[in-house]
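Visitor: I'd like to walk through this structure with you. Could you show it to me first?

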Amino acid sequence: MQSQLTIVLLHARDFMLPCLNKKLTGLDCPGCGMQRSIHLLAQGDFAGAFHMYPAIYPIMVLLLFLVTNLFLKLKHAHQIKFVLMLVTAGTIIISYVLKMNNLFN
């Protein structure tokens, strides 16, 4: 069973969607690296996943909260969701700005 899972993960790179922005302009978009980061997470490379796409963990926390909120109604769910969305968006924006800064400097 383990070897079958490994084989599927090794071939997952062959099915990743290309970034249209990168194809047209040659520049990464704010979401570039997310698929590769998920692939690294599936392989157990947590540090590599963060290095590839730093917003992967805030996105995972937000998704986990949203799914949990479907079943458990929390009193301050709207505020928690708003804060998690701000943290996620902020992480995406900051990591993208830093990536572009490193590219052009």
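Visitor: What covers the buried residues of α5?
Guide: This is a predicted model, where local features need pLDDT of at least 70 and side-chain atom pairs count only at pLDDT 80 or more, while totals for chains, interfaces and linings use all residues. Residues are numbered from 1 along each chain as its sequence is written, and side-chain values use heavy atoms, leaving out hydrogens and water. Helices are DSSP runs (H or I, at least four residues) numbered from the N terminus, and buried means under 20% relative accessible area, exposed over 50%, partly exposed in between (1.4 Å probe, protein chains only). The buried residues of α5 are Ile56, Pro58, Ile59, Leu62, Phe65 and Asn69, and with contact taken as heavy atoms within 4.5 Å, their cover includes α3 (34–42), α4 (46–52) and α6 (77–104).

Visitor: Which residues form the aromatic pair?
Guide: Rings of Phe, Tyr and Trp (its six-membered ring) pair if their centres lie within 6.5 Å; planes under 30 degrees apart count as stacked, over 60 as edge-to-face and the rest as tilted. A search of the whole structure finds one such pair. Its ring centres are 6.4 Å apart and its planes at 20°, so the pair is stacked: phenylalanine 50 and tyrosine 57.

Visitor: Which side chains meet in a salt bridge?
Guide: The term needs a side-chain nitrogen of Lys or Arg within 4 Å of a carboxyl oxygen of Asp or Glu, and the structure holds one. One partner lies in helix α6 and the other in the loop between α2 (20–25) and α3, so the bridge ties together parts that are 71 residues apart in sequence. At 3.5 Å, N to O, the two are lysine 99 and aspartate 28.

Visitor: Which residues of α3 are buried?
Guide: After α3 comes glycine 44, with a positive phi near 90°. Within α3, the buried residues are Ser37, His39, Leu40 and Leu41.

Terms used:
Helices (H or I, at least four residues) and strands (E, at least two) are DSSP runs, numbered from the N terminus.
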